[in-house]
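Here is a short tour of one model. Take a look at the sequence and the structure, then read on.

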2 protein chains.
Amino acid sequence: MAREKRIDMVILGLLSHEERSGYDIKKQIDGAISFFWKGSFGNIYPALKDLESGGLIERNASNSGPREKHTYRITEAGAEALKQWLRNEQSVNELRYETLLKLFFSGCDDRKTALKNIAAFRKKVEADLAILKGYAANLEKVREESADHTYYYLTALFGIKSYEAYLEWCETAEKTIKS
Amino acid sequence: MAREKRIDMVILGLLSHEERSGYDIKKQIDGAISFFWKGSFGNIYPALKDLESGGLIERNASNSGPREKHTYRITEAGAEALKQWLRNEQSVNELRYETLLKLFFSGCDDRKTALKNIAAFRKKVEADLAILKGYAANLEKVREESADHTYYYLTALFGIKSYEAYLEWCETAEKTIKS
DNA sequence: GAGGACATATATCATATTGATATATCACCT
DNA sequence: AGGTGATATATCAATATGATATATGTCCTC
């Protein structure tokens, strides 16, 4: 069997707080979640249909607005499935870093190429780190309000710590390659 | 268009050093490369055929041994394609961390679940860190021999620095959740 | 030397994901 | 009236994953 559909769990997790449409879900994933998990319309919409036919979510009556938009709510079975997944300690954690792949094969070209790739990586990391820091600062203010905010904060902190380590590594890597 | 086939570049990079079979390539990816890029038979074998028909690699005459095994060598066109890719500064770098996804939604269950997931994550990171450290120690010894080894070492160092940051984060996360 | 376990070697398939594109409405500004 | 960009859903080709199928070679043990 191929890997389980994690997008199902992302959807259930997001719906556990509030009713949402597919479009809303995509926007949310693109925000806070995207740095550790991705989602696309191409898997969100089919997943919504599957979850509905499996009884894990229910579709609300078309909203009153003029535009076609259907929101979904989580069912009890859905909440149970979400909990089961949370309680399963086995998790897939993987990196897909093309920058490291290029560095690994950098012996095939001169060192300037390697340095350029590291410089581009550093630039991206610096930009993303600034975003994460702003996000975490906002979350820290509201951490007392609910446990959820604490968890959101901790995922952001993970990114901050990682990215800071990446920047330190860039220093070392640049020095090593130049020497 | 869907994302470019990076497996092609992994194969070209590996073949740029030595002739190999699909099986050899898989083994190599599973070793040093797997912590930042994955490959499977399901995409390696089709990619070998595509690369061959595109003239980027050539298949050697079946080897003398009794078992079916064909090795491939890189062509000049293949080496050029590899360089072009190396010189393209745009790279896809992404995380897929189910542990963070679970943590993000941990408000749906009690804090014990969150702590268990972090503990499992920590255990895995500690094990992988030990492997990476052993790998890096071996590479440091032979770093003078060729530029390649320096690059291999730097990718391992990236893993070590990241994983050490992860472990620090685990400490903070556990304390925060318990308090 | 028969049998089992495991590594070697290639191939294929169902499922999952990505990234792009298509289509259409709505909100806002000029 | 026209343009831009956000909202909203849907679908598709290309790609990747993980499992399975098939078969041979090697090594150890009983």
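Predicted model: local features only at pLDDT ≥ 70, side-chain atom pairs only at ≥ 80, totals over all residues.

## The sheet in chain A

In chain A, three strands form an open sheet in the order β1-β3-β2, and the pairing is antiparallel. Two of them are edge strands, each pairing on one side only: β1 (20–21) and β2 (57–59) of chain A.

Look next at how β2(A) is held to its partner. The partner is strand β3 of chain A, residues 71–74. Three bridges join the two strands, which run antiparallel. Across this pairing, A:E58 stands opposite A:R73 in β3(A).

## A nonpolar patch

Which residues make a nonpolar surface patch of about 320 Å²? They are A:Y23, A:F41 and A:Y45.

Take A:F41 from this group. A:F41 lies in helix α3 of chain A, which covers residues 41–53. Its relative accessible area is 34%, so A:F41 counts as partly exposed. Patch residues need over 30% relative accessible area, and A:F41 has 34%.

## Cysteines and disulfides

A disulfide is a covalent bond between the sulfur atoms of two cysteines.

Is B:C170 buried or exposed? B:C170 is buried, because its relative accessibility is 0% and buried means under 20%. B:C108 has a relative accessible area of 23%, so B:C108 is partly exposed.

Definitions and conventions: Residues numbered from 1 in each chain as written. Chains lettered and ligands numbered in written order. Heavy atoms only, no water. Patch = residues over 30% accessible without salt bridge, like charges linked within 9 Å, V, L, I, M, F, W, Y side chains within 5 Å. Areas by Shrake-Rupley, 256 points an atom, 1.4 Å probe, with all protein chains shown as cover. Salt bridge = Lys/Arg side-chain N within 4 Å of Asp/Glu carboxyl O. Helix = DSSP H or I, 4+ residues; strand = E, 2+ residues; numbered from the N terminus. Buried < 20%, exposed > 50% of the residue type's maximum accessible area, 1.4 Å probe, protein only. Pairing = 2+ DSSP bridges.
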